[in-house]
Amino acid sequence: MRTAFKPSRRNFLKTSGLVIGFALPGAQRLAEAATPAEFKPNAYLRVGADDRVTVVVGLSEMGQGVHTAIPQLVAEELDADWTRVRVEQAPVDEAYKNPIFGIQATGGSTSVNGNWGPMRKAGAAAREMLVAAAAQTWKVDASECRTEKGAVVHKSGKKLSYGKLVAAASKQPVPKEPKLKDASEFKIIGQNLRRLDTPQKVNGSGKYGLDVRLPGMLTAVLAQPPVPGGKAVSVDDSKAKQVKGVRQVIQIPQGVAVLADGYWQAKKGRDALQIQWDKGANAGLSSEGVTKMLTEATQQEGKVARNEGSVGSASGAKTLEAVYEAPYLAHACMEPMNATAWVKKDGIEIWAGTQSQGPNQGILSHVGSVDPKQVKVNTMLLGGGFGRRFAPDFTIAATVLSKMSGKPVKLVYSREDDMRAYFYRPASVTRFAAGLDESGKPVSFTARVASPSIMEASGFMKLPPDGVDSFAVEGVKDVPYDIPNLRVEYSRQEPGVQVWFWRSVGHSQNIFFSESFIDELANAAGKDPFEFRRSLLGKQPRYKGVLELAAERAGWGKPLPQGVHRGIAVAQSFGSYVAEVAEVSVDKDGRPKVHRVVAAVDCGEVVNPEIVKRQCESAIVFGLTAALYGKITFKDGQVEQGNFDTYPMLRMSEMPKVEVYIVKSKEHATGMGEPGLPALAPAVTAAIYRATGKRIRKLPIDPEALKA
Amino acid sequence: MVTLNVNGKQLQADVDADTPILWVLRDTLGMTGTKFGCGMALCGACTVHLDGAPIRSCMTPVSAAEGRKITTIESMSASRVGKAVQAAWVKHDVPQCGYCQSGQIMSAAALLASNAKPTDRDIDAAMSGNVCRCGTYNQIRAAIKDAAATLSA
């Protein structure tokens, strides 16, 4: 287990539903820095004399569209002219706290969920100030004025654009409780507006962490321990130092770094290092050992995560038991992890594609022994995040290297370094048992989950007193079906590998487990898997809603081409509901081909339907890649995968047709960066079962097991 | 010292002959639009054109480019095909994280320069070397077809 996170012990994940108004601490201070040519009512927006509206977003853009969705929230209540809206990445500051986390960070599909209220209020407050300014200018009552497309309009027809009102609006008091629109008045929320970040992403001008260049900067490449927890005991850097362009070799807790003029020289230097490693406690780690450890743990009683009725007294007329398994997974962001750090006399400046600005500020202040206020975090575009960029391993190491070398340092992980830096989705085993009564209705359901604890690994959370890691059981614990006797247990098992948040976290494996087992129950009951679920979701209208919509749009029950079969699954994660129907065939070599996926989504009120659909499709691809290929395995303590040849990605030629349908909903808006993922694998493997009669209980899908 | 023709300009770089074109572009010449993804020609993020043909710049030594023309994402808008491809990418709002898209656009532009009306199979063949972790493949396909239609109009 790595210990690099120790300085970060700060419980920032307060999931208490805390929703802060737009006047967050610091918002006003940042607002006062406005130049006179601008109206800057709060930290989240500026209106220029040229009518341009700049929305300042504290969240990280990693593809999920938050740099468009947040501006839509602000622009709606501001009644802005969308064609004049631009987005700007915020610095690290209290004002940009994620309302759900209580610290500035992006993850957990929280952005739209947490900012739905606060960012609308920010826009509404500005609008009221602009109206007051116009009313004052015209010497009329504010109630005689309305706003439209970036202008205040008086009932007489007089009109002033926001740009003409910046000086007068700046003098207005900031309303504490600005009036928000009714959803029926929305003109910008709910529209398929174009992403604001597209142009820079098609001409090469967008700046990601890896694109940072500073004067005098060195590039570092790190030799990491070949086994998790290993330590370098002797380092011969004589050959590395002979490589042209290599400037320094520095040993740090994470490994041995070669600093050079550029990446290529640094990598050549790194590859020339001769290091003796003490492999430490994990030298014998193997995937077979992990499977054995987790599987055996499910034979023992675990900590109780949920207990309803009495599973012991209701075995039913027919009983089923099954053991499911999922492997460790790497995130494999297209942009390998990297960070640029500059430790100066008066503080630390860092440039990185990070999901955790707030935590980084605290952690790096410890690393550099400075006040948190002296840590400046410049958030770059993220070439994928998926949870991986919530971790601070790369920012810590870059900062240490800058401090020790006295230079600005860009630390770059090679693809192999990135894949072997641990921070994996936990491996997990779940043992199920269930009983059906004579009519085929489930009367009991037991699940025992064994896996490592993300909470404990995170460095900022602890296992609660009941001993249940909520990430380890989410998706099994909350099985939504109407079953009278239900028990879920958790056994924490630590094979020794650092685990981390991976797109949709525990749901990524647990929905595969639970929905597959439900499919087994349907089959044992002799019922259609869609109808079986439907009959058990009477108390769950949102689950039922997406299940029915997906089935209807997929043409559930209607004929398919020869050899193609359907599977269905449904999931709730991060407050959003998604059902998916997959159409799959399996060739004679056992290779599955997914032809079409139909998804139905209920994520409450929708800010940008097209972005919701694209995120759902993206999560489907991520889930399909994992289901078909994803596994990180260990042999003699070493990770066996390193690049895209051994850790394959879904490619263009394998891409299914994807259709996403959105349920009209007045529920609170929830995120869609992750919730499209969990239902994919069980929908695909249920279809494979129908095609082959073979039940996949272990991911990734093994074609050998499906050969005709 | 090597002399290179990048986007029509003669440039000199003081690098070893075995340095991949990718790192000469990014670190020596400061052109960061071409991306590093895998270093083993497995993901296509580093795709540039060498005399018009798509190559993986992470595995191609700079010595192979002497006397030939390198074209990168930074000059795509200068060609008719590149411009059409970029416009189609904007129209379809293709990128999510966007990191792979320089490479996707370079592969797509090379495809359309040699094949005005690619079939789905042609698109699969030309684009399957380019990984998109965000899964924008369906949008890429639609944008390529759109660009093809624009170019043949």
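Let me start with confidence in chain A: this is a predicted model, and the mean pLDDT of chain A is 94, with 95% of its residues at 70 or more. The exception I would like you to keep in mind is residues 1–25 of chain A, where pLDDT stays under 50, although the model does have 56 contacts there beyond four places in sequence.

The crossing in which α2(A) passes α3(A) is right-handed. On the α2(A) side the residues that meet the partner include V66(A), A69(A), I70(A) and L73(A), while those of α3(A) include V112(A), W116(A), M119(A) and R127(A). Sorted by class, this contact of α2(A) with α3(A) has 13 nonpolar, three polar and four charged residues.

Is V570(A) buried or exposed? V570(A) counts as buried, because it has 33 C-beta neighbours inside 10 Å, and the cut-off for buried is 20 or more. If we leave aside neighbours within four places in sequence, V570(A) is in contact with R533(A), Y543(A), V546(A), L547(A), A579(A) and A679(A). As for G526(A), 44 residues away along the chain, its C-alpha atom is separated from that of V570(A) by 20 Å.

Let me move on to chain B, whose secondary structure comes to five helices and five strands, following the pattern β-β-α-β-β-β-α-α-α-α along the sequence. Its radius of gyration is 15 Å, close to the 15 Å that the globule rule gives for 153 residues, so chain B is as compact as a globular protein of that length. The C-alpha atoms of chain B fill a box of roughly 45 × 30 × 25 Å along the principal axes, and 59% of the 153 residues count as buried. Among its contacts between residues at least 6 apart in sequence, 62% join residues at least 24 apart.

Finally, how do the two chains meet? In this model, 44 residues of chain B are in contact with 45 residues of chain A. On the side of chain B that touches chain A, at least two residues come from each of α1 (21–28), α2 (80–91), α3 (101–114), α4 (120–127) and α5 (137–152) of chain B. By class, that side of chain B has 22 nonpolar, 16 polar and six charged residues.

Terms used:
Residues numbered from 1 in each chain as written. Chains lettered and ligands numbered in written order. Predicted model: local features only at pLDDT ≥ 70, side-chain atom pairs only at ≥ 80, totals over all residues. Contact = placed C-beta atoms within 7 Å. Helix = DSSP H or I, 4+ residues; strand = E, 2+ residues; numbered from the N terminus. Nonpolar A, V, L, I, M, F, W, Y, C, P; charged D, E, K, R; others polar. pLDDT = per-residue confidence, 0-100. Rg over C-alpha atoms; globule rule 2.2 N^0.38 Å. Buried ≥ 20, exposed ≤ 12 C-beta atoms within 10 Å, placed from the backbone. Left-handed = near helix turned anticlockwise from the far one by under 90°.
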